[in-house]
Amino acid sequence: MEKIELVFIPFFGIGHVISMVEMGNLLLSRYPNLSTTFLIINMKGRPNVDVPSIITSLSSGDNHDSDSTRIRFLQVSREEDDSMVVDPNAMFNLSDLYNPIIKETVQQEIITRPGSGRLVGFILDMFCAGMVDVAKEFKVPGYVFFVSGASLIGLMWHLQTLQDEYGQNLVDLDGTDVELDVAVFKNRYPAKVIPPNAMDKEGGSKIFLRLAKTLREVLYYDSFLKWWNY
């Protein structure tokens, strides 16, 4: 059976890392020919992720039947201070800052590393979706690990369409009695319960919509890749 490899890239923060490791561990338990490499972004100016504690946790719990030798953690960092990325407006610069380092690491640690399996894809945290550009360079699929319900993605794309195609400023819907016809919901969706960050006048709305657009671009890329390979 051919050996294959997936690259996981979680967003910084232990909560993002742990949930992605759990999913990776589940995949390992189901596919004996699979190995995984987690690229942990350690940012100067922010607390580092405690990788040893994560590795220890793999040997405990009720669903850890996979071979720990098939999971690797590589820490990725830059020389520059990344404390500015704490700003939500700046976190979307993460892919611009780290894509070159991610590409170099994958090339050295997977593509040219003796004994590595064939690279078959990238699993990206929702806030690392912009790193799909690295997947494109290696001509493999890039998937987003989205821990919220699929209905939230549907809502995000609906709101993005309202603004980009119909010129609706989401902030203007705040506090109104408007009800929206959102395809992923059976009933009409009251504007008054739109997530607060989508209505934030201080920039949260732009961040919300930019994330929606990035997730859509990742979906289009994966669909195109499947069509091209077919």
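Reply: Happy to. Let me start with burial: buried means under 20% relative accessible area, exposed over 50%, and partly exposed in between, with a 1.4 Å probe and protein chains only. By that criterion, buried residues make up 46% of the 230 residues in the protein chain. This is a predicted model, in which local features need pLDDT of at least 70, side-chain atom pairs count only at pLDDT 80 or more, and totals for chains, interfaces and linings use all residues. Residues are numbered from 1 along each chain as its sequence is written, and side-chain values use heavy atoms, leaving out hydrogens and water.

Helices (H or I, at least four residues) and strands (E, at least two) are DSSP runs numbered from the N terminus. The protein chain has six helices and seven strands, in the pattern β-α-β-α-β-α-β-α-β-α-β-β-α along the sequence.

On to your pocket. On a 1 Å grid over the protein atoms alone, a pocket is an open set of points where a 1.4 Å probe fits, with protein on both sides within 12 Å along at least five of seven lines; lining residues have an atom within 4 Å of a point. Grid points are joined across faces, edges and corners, and a volume is the space filled by probe spheres set on the points. For the second largest pocket, that volume is about 220 Å³. The lining consists of Ile4, Leu6, Met23, Leu27, Tyr31, Leu34, Val120, Ile123, Tyr143, Val144 and Phe145. Strand S1 (4-9), helix H1 (14-30), strand S4 (118-125) and strand S5 (142-145) each give two or more residues to this lining, and S5 gives the most, with three. The lining divides into eleven nonpolar residues, no polar and no charged, where Ala, Val, Leu, Ile, Met, Phe, Trp, Tyr, Cys and Pro count as nonpolar, Asp, Glu, Lys and Arg as charged, and the others, Gly among them, as polar.

Ser35 lies in strand S2 and is buried, with a relative accessible area of 18%. Leaving aside neighbours within four places in sequence, Ser35 is in contact (heavy atoms within 4.5 Å) with Ile4, Glu5, Leu6, Leu28 and Arg70.

Next, the packing. A nonpolar core is a set of buried Ala, Val, Leu, Ile, Met, Phe, Trp, Tyr and Cys residues joined through side-chain atoms within 4.5 Å. Of the 47 residues in the largest such core, Ile9, Ile102, Val106, Phe122, Met131, Leu159 and Ile194 touch the most other members. The largest share of this core, six residues, comes from H6. Val106, again apart from neighbours within four places in sequence, is in contact with Val7, Leu39, Ile111, Leu119, Phe122 and Phe138. Another core, of 14 residues, lies apart from the largest one and includes Phe8, Ile40, Ile71 and Ile123.

Gly154, found in helix H5, is buried with a relative accessible area of 17%, and is in contact with Val182 and Val184 once neighbours within four places in sequence are left aside. Leu211 sits in helix H6 and counts as buried at 7% relative accessibility; its C-alpha is 9.9 Å from that of Ile153, 58 residues apart in sequence.
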